[in-house]
Amino acid sequence: MDTSQLIELVSNTEFVHILGAGLNSERPANNAVQDLSERGWNPVPIHPRDAGGSIAGYPIRSTIEDGIQTDIVVLFLAPERAREVVKKLLITNPDYSPLVWFQEGAEDEVAENWLNDAGWNFVKRDCIVRFVQRYDLVREPQVIPWFKQVQSCLLYTSPSPRDLSTSRMPSSA
């Protein structure tokens, strides 16, 4: 996938699943939720231990729910954990391949070989937040009613009505 295709995919993706995004505000994954939401994406933080909490109004999930088609999966994980996530993605998504984004430090050669063998696209040696900043990517935010955030059969998160009154969402010009 070349840079222009990657820009198009990222720009057209509404939900970005961020594995490793928990409650610790000192961690880059936590900051990525805020940074991407400020640019119009709906981040889906995934962290098994911190599930039930929220980051910037986005509920933290314990895992990617079965049956959800993900377009981008960002891995803020140790390489061994990243390998396990890639393995599960490959097994549970035989007909659909999300872009797997290895944040710096999450790269795993075995997982990369599996993705290559399966013909899946992945990114490594780059940060998704720095990528969207570098190319000045911004989406028009898609506001999803608050009640859909808690319905497990529907796609994930959006800011709550209370959060919409804050300045965390970019204004449209």
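Which residues have the most contacts inside the largest nonpolar core? They are V10, V16, I18, L36, V74, W101 and I128, in a core of 25 residues.

## Basis of the model

This is a predicted model, in which local features need pLDDT of at least 70 and side-chain atom pairs count only at pLDDT 80 or more, while totals for chains, interfaces and linings use all residues. Residues are numbered from 1 along each chain as its sequence is written, and side-chain values use heavy atoms, with hydrogens and water left out.

## Overall make-up

The protein chain has seven helices and seven strands. Helices (H or I, at least four residues) and strands (E, at least two) are DSSP runs, numbered from the N terminus. Along the sequence their pattern is α-β-α-β-β-β-β-α-β-α-β-α-α-α.

Of the 173 residues in the protein chain, 45% count as buried. Buried means under 20% relative accessible area, exposed over 50%, and partly exposed in between (1.4 Å probe, protein chains only). Among contacts (heavy atoms within 4.5 Å) between residues at least 6 apart in sequence, 66% join residues at least 24 apart.

## The nonpolar cores

A nonpolar core is a set of buried Ala, Val, Leu, Ile, Met, Phe, Trp, Tyr and Cys residues joined through side-chain atoms within 4.5 Å. In soluble globular proteins, nonpolar side chains tend to be buried together. The largest core here has 25 residues. At least two of its residues come from each of α1 (3-12), β1 (15-19), α2 (28-38), β5 (72-75), β6 (99-102) and α5 (128-134). A second, separate core has 20 residues, including I64, L75, V85 and F102.

V16 belongs to the largest core. Apart from neighbours within four places in sequence, V16 is in contact with L36, W41, N42, P43, V44, I72, V74 and I128.

## The sheet

Five strands form an open sheet in the order β2-β1-β5-β6-β7, with parallel pairing. Two strands pair if DSSP finds at least two bridges between them. The edge strands, β2 and β7, each pair on one side only.

β1 and β2 are parallel and share five bridges; F15 has N42 as its bridge partner in β2. From β1 the chain passes through α2 to β2, a right-handed β-α-β crossover. Right-handed means that, with the strands pointing away from the viewer, the path from the first strand over the helix to the second runs clockwise. β5 and β6 also run parallel, joined by four bridges, and the bridge partner of I72 in β6 is L99. α2 packs on the sheet, where it touches β1 and β2, and its direction makes about 170° with that of β1. Such angles run from 0 to 180 degrees between N-to-C directions, with axes fitted to C-alpha atoms, for helices over the stretch in contact.

Strand β2 is largely enclosed by the rest of the structure, because five of its five residues (42-46) are buried. In a regular strand the side chains alternate between the two faces of the sheet. In β2, N42, V44 and I46 point one way, and P43 and P45 the other.

## Exposed loop residues

R125 lies in the loop between β7 (122-123) and α5. R125 is not a glycine, but has a positive phi of about 60°. Its relative accessible area of 62% makes R125 exposed.

D136 and E140 both lie in the loop between α5 and α6 (146-149). D136, also not a glycine, has a positive phi of about 50° and is exposed at 57% relative accessibility. E140 is exposed as well, at 52%. E140 and S11 are 129 residues apart in sequence, and their C-alpha atoms are 9.8 Å apart in space.
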